[in-house]
Amino acid sequence: MESVGERIVRLKRERNAVILAHNYCLPEVQDIADYVGDSLGLSVRATETDADVIVFCGVTFMAETAKILNPGKTVLIPDPAAVCAMAQMCSPEQIVSAKAANPGKEVVGYVNSTASCKAEMDVCCTSSNAVDIVSSLKSEGAVFVPDRNLGSYVASRCPGKDIVLWQGFCPIHQSISVQQVRELKAAHPGAEVLAHPECRAEVLALADVIGSTEKMLNHCRESSLDEFIVLTEVGMRHRLEVNCPGKRFHFPESAMCGAMKMATLETVESVLSDLGNRVELPEEVVERARRPVERMIRRS
Ligand code: SF4
């Protein structure tokens, strides 16, 4: 009898499908994916695939981004209830008001936002390229939505730009405390500290390296050190262990995002089987959101 993994491989072939999975997904889902990466890497992959069907294992804004880039393809999300809490902290109406209140500033939107919000943005970014995108703006500054922590990190790296911060945040990264980091450092004194820029500024101040999950991976792979404290969502441990054999990784164990765990082998098999949970977006939203998303990818 076929295992669930074998059924997924067969269905994938029959459907001419590709499976993309975020670094925070469950280990077994990462293992059956054709590509595992951060938001930027996954967006780029979504532009390169010649598959007819994209199964996006992550949260809804990621699957929407794949649809924006591939309006003619079938994009499936294993569980449509997988919604990013940060992406809910901003609405298109609020962006329109912020634009009116800040003439001369461009709206730079973190990719962790809904498609309708992206349609109102000037340019999108990920944690990999946010500093590069803001520093290259021709405008005097930016309204940065929705993550205040990433926005504040970007502002610290772009001193010539006047950045208006939004008040959104990722509850998972926001919950990582200075106390937790101090305890991890005391328990593992030889470990280097890596932090995601969605963490609070006082946590970033304790880090040796700040960057996206992909930057973390590259750093750990190339480093001569073999022990790291990793301040991001715990799903990243699997990607690091697969790619950096023999090295040790310590996480704040409470940093777990339930939405990122909703794609399972069973839900992946189910959508491949019935092509259910299709991502559908209004044509006008796709049209308007494509420009800021493509601007983001051009600077990858
Ligand atoms: S980890 Fe945070 S930013 Fe990422 S999907 Fe979960 S809530 Fe959203």
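Is Asn-277 buried or exposed, going by the other C-beta atoms within 10 Å? Before I answer, please keep in mind that this is a predicted model, in which local features need pLDDT of at least 70 and side-chain atom pairs count only at pLDDT 80 or more, while totals for chains, interfaces and linings use all residues. Residues are numbered from 1 along each chain as its sequence is written.

Asn-277 is buried, because 20 other C-beta atoms lie within 10 Å; the rule is that a residue is buried if 20 or more other C-beta atoms lie within 10 Å of its own, exposed if 12 or fewer, and partly exposed in between, with C-beta atoms placed from the backbone. Its place is in the loop between α14 and α15, where helices (H or I, at least four residues) and strands (E, at least two) are DSSP runs, numbered from the N terminus. The phi of Asn-277 is near 55°, a positive value in a residue other than glycine. Most residues other than glycine have a negative phi, and most peptide bonds are trans.

Asn-16 also has a positive phi, of about 50°, although it is not a glycine. Asn-16 sits in the loop between α1 (4-15) and β1 (17-22), and it counts as exposed because it has 12 C-beta neighbours inside 10 Å. As for the peptide bonds, a cis bond with omega about -20° joins Val-145 and Pro-146, and Pro-146 belongs to the loop between β7 and α8 (148-157).

Let me return to the loop between α14 and α15, which also holds Pro-282. Pro-282 is exposed, because 11 other C-beta atoms lie within 10 Å. Among the buried residues of α15 are Val-286, Ala-289 and Pro-292.

Turning to the strands, which part of the fold encloses β5, and how many of its residues are buried? In strand β5 (residues 105-110), 6 of the 6 residues are buried, so it is largely enclosed by the rest of the structure. Lys-105, Val-107 and Gly-109 point one way from β5, whereas Glu-106, Val-108 and Tyr-110 point the other way. In a regular strand the side chains alternate between the two faces of the sheet. β5 pairs in the parallel sense with β7 (residues 141-145) over 5 bridges, where two strands pair if DSSP finds at least two bridges between them, and Val-107 stands opposite Val-143 in β7. Another 3 bridges join β5 to β6 (residues 123-125), again running parallel, with Tyr-110 opposite Cys-125.

Finally, the ligand is surrounded by residues including Val-59, Asn-112, Glu-233 and Met-260, a residue being near a molecule if its C-beta atom, placed from the backbone, lies within 6 Å of it.
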